[in-house]
Amino acid sequence: MSKLIVNGGKRLSGRLKLQGAKNSVLPVLAATILCNNACEIHNCPSLSDVETSLKILSHLGALCTKEEDVVTVNPENIDSFEIPDSLMREMRSSIVFLGAILGRMKRAVISSPGGCELGPRPIDLHLLSLEKLGAIIREDHGFLYCEAPNGLKGTEINLSFPSVGATENIILAAATAEGKTVIHNAAKEPEVSDLADFLNSAGAKICGSGSDTIEIHGVKQLHGVNHTIIPDRIAAATYMAAAAITGGEIELENVMPSHLISVLSVFKEAGCTVLVDGKKISLRAASQLSRVPTVRTIVYPGFPTDAGPILIAMLSHAKGTSVFVENIFENRYKYTEELKRLGAKIKTEGKVAVIEGVEKFSAANCECTDLRGGAALVIAALAAEGETKISKIEHILRGYDDIAGNLRKLGADIKVV
């Protein structure tokens, strides 16, 4: 298994072009299933989750190629409606393929998805919503057997929670359903809007994305399209935190600052200087990071749960005590035990983490527990004295395109072995 070796204590400085968003490219790749000819996806990051998505599409019958950051998917010959258990287990967000397969094939067979263990992330909302659209769903020995023998029909759906995945699955299923579908209490994340933009470019009729009410007027078919994935706002937070914790400075290109307002405010509160210029963000670290009294994760446009571990790692090196309240996932703090190996002082109870800043970290051997927790370990290791070895980095590779190479561009001493 691969490891990251980090020799910390280097001040990071430089410029990076940001990768495409992991949480956007996966549903967009699923959406190509609904098209009747080839799609080109630009700004596509090289991630293990993308590789898994392409394996799923290939298994279904699509022709897929990837050259640098451009993925081409030709779905004309898709003739399968079943995703093998082995592929479903590789990627937690593989459930997003359900709505697209059901929309095209009128039936689907999948197993429960795998990925990071962040506590319960039930797919009940997905299944209940698809049933309202006319799907018949049966569960048997860990597999879901879904069919819509009379086709999917538009309806009104009220989500009890603004789930991103459920919103995306409804949009995918409803795009070619008969009639109008209205989603109330829909997720407002930029990645949902990016999916709607892709589908609209392909001939769908979706309005209201980015608000809590989305209308989808079903069309008979969708055509191929060229689409550029939005920048990854969580990767942006990660590289800014890496610069901040090492007392450095960074300029990020290909960014959507409007997607990062809640995150940028935390960096500013911690004493960093943040400047926005079009699609660029510049950050200069404070001579001493300051505590941030309270940060609460919440659905967009609030502070994103995925950025929580990253900022907790940074604030573990700040002066004073910060408090985080995690409102999305029940089991998000597993990684904090690994941060403690590096010298962090963090106490967790339920949804709350209390972070007492320390002056220095010391190198240690640690392992990733999940994607963003792994990124948090990298950030802390960059500020630690000595050589840190981070194992189980397959979690990190799910969401970051060449994180070691990018950090080396900024002056870090980091390598994959």
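The following legends describe close-up views of a predicted model.

Local features were required to have pLDDT of at least 70 and side-chain atom pairs pLDDT 80 or more, whereas totals for chains, interfaces and linings use all residues of this predicted model. Residues are numbered from 1 along each chain as its sequence is written, and side-chain values use heavy atoms, with hydrogens and water left out.

**View 1. Packing of helix α6 against helix α7.**
Helix α6 spans residues 164-174 and helix α7 spans residues 190-201; helices (H or I, at least four residues) and strands (E, at least two) are DSSP runs numbered from the N terminus. The two helices pack at an angle of about 10 degrees, and their axes are 10 Å apart. Axes are lines fitted to C-alpha atoms, for helices over the stretch in contact, and angles run from 0 to 180 degrees between N-to-C directions. Helices α6 and α7 are therefore roughly parallel to each other (angles under 35 degrees count as roughly parallel, over 145 as roughly antiparallel, 65 to 115 as roughly perpendicular and the rest as oblique). On the α6 side the contact (heavy atoms within 4.5 Å) is made by V164, T167, E168, I171 and L172, and on the α7 side by E191, V192, L195 and L199. Six of these residues are nonpolar, one is polar and two are charged. In this classification Ala, Val, Leu, Ile, Met, Phe, Trp, Tyr, Cys and Pro count as nonpolar, Asp, Glu, Lys and Arg as charged, and the others, Gly among them, as polar.

**View 2. Packing of helix α4 against helix α6.**
The axes of α4 and α6 cross at roughly 10 degrees and come within 7 Å. These two helices are therefore also roughly parallel to each other. Helix α4 contributes L98, G99 and A100 to the contact, and α6 contributes N169, L172 and A173. By class, the contact of α4 with α6 comprises four nonpolar and two polar residues, with no charged residues.

**View 3**
Three strands form an open sheet in the order β6-β8-β7, with antiparallel pairing; two strands pair if DSSP finds at least two bridges between them. Strands β6 (107-111) and β7 (136-140) are the edge strands, each pairing on one side only. Neighbouring strands of this sheet are turned by 15 degrees against each other on average, direction ignored. Strand β8 (residues 143-147) pairs with β6 in the antiparallel sense over five bridges, and E147 in β8 is the bridge partner of R107. Helix α4 (residues 97-105) packs on the sheet and touches β6 and β8; the direction of α4 makes about 155 degrees with that of β6.

**View 4**
An open sheet with mixed pairing has four strands in the order β4-β5-β3-β13. Its edge strands, each pairing on one side only, are β4 (63-67) and β13 (226-228). Strand β3 (residues 39-42) pairs with β13 in the parallel sense over three bridges, and E40 stands opposite N226 in β13.

H126 lies in helix α5 (residues 124-132). At 6% relative accessibility, H126 counts as buried (buried means under 20% relative accessible area, exposed over 50%, partly exposed in between, with a 1.4 Å probe and protein chains only). Not counting residues up to four places away in sequence, H126 touches I95, S163, G165, A166 and N169. The C-alpha atoms of H126 and V96 are 8.9 Å apart in space, and these residues are 30 residues apart in sequence.

**View 3. Surroundings of T238.**
T238 is placed in helix α8 (residues 233-245) and counts as buried at 3% relative accessibility. Leaving aside neighbours within four places in sequence, T238 is in contact with I310, A375, I379 and Y400.

**View 4. Cysteines C366 and C368.**
The search of the whole structure finds zero disulfides, a disulfide being a pair of cysteine sulfur atoms within 2.5 Å. For C366, the closest cysteine sulfur is that of C368, at 7.4 Å, too far for a bond. C366 is buried, with a relative accessible area of 4%, and C368 is buried, with a relative accessible area of 2%.
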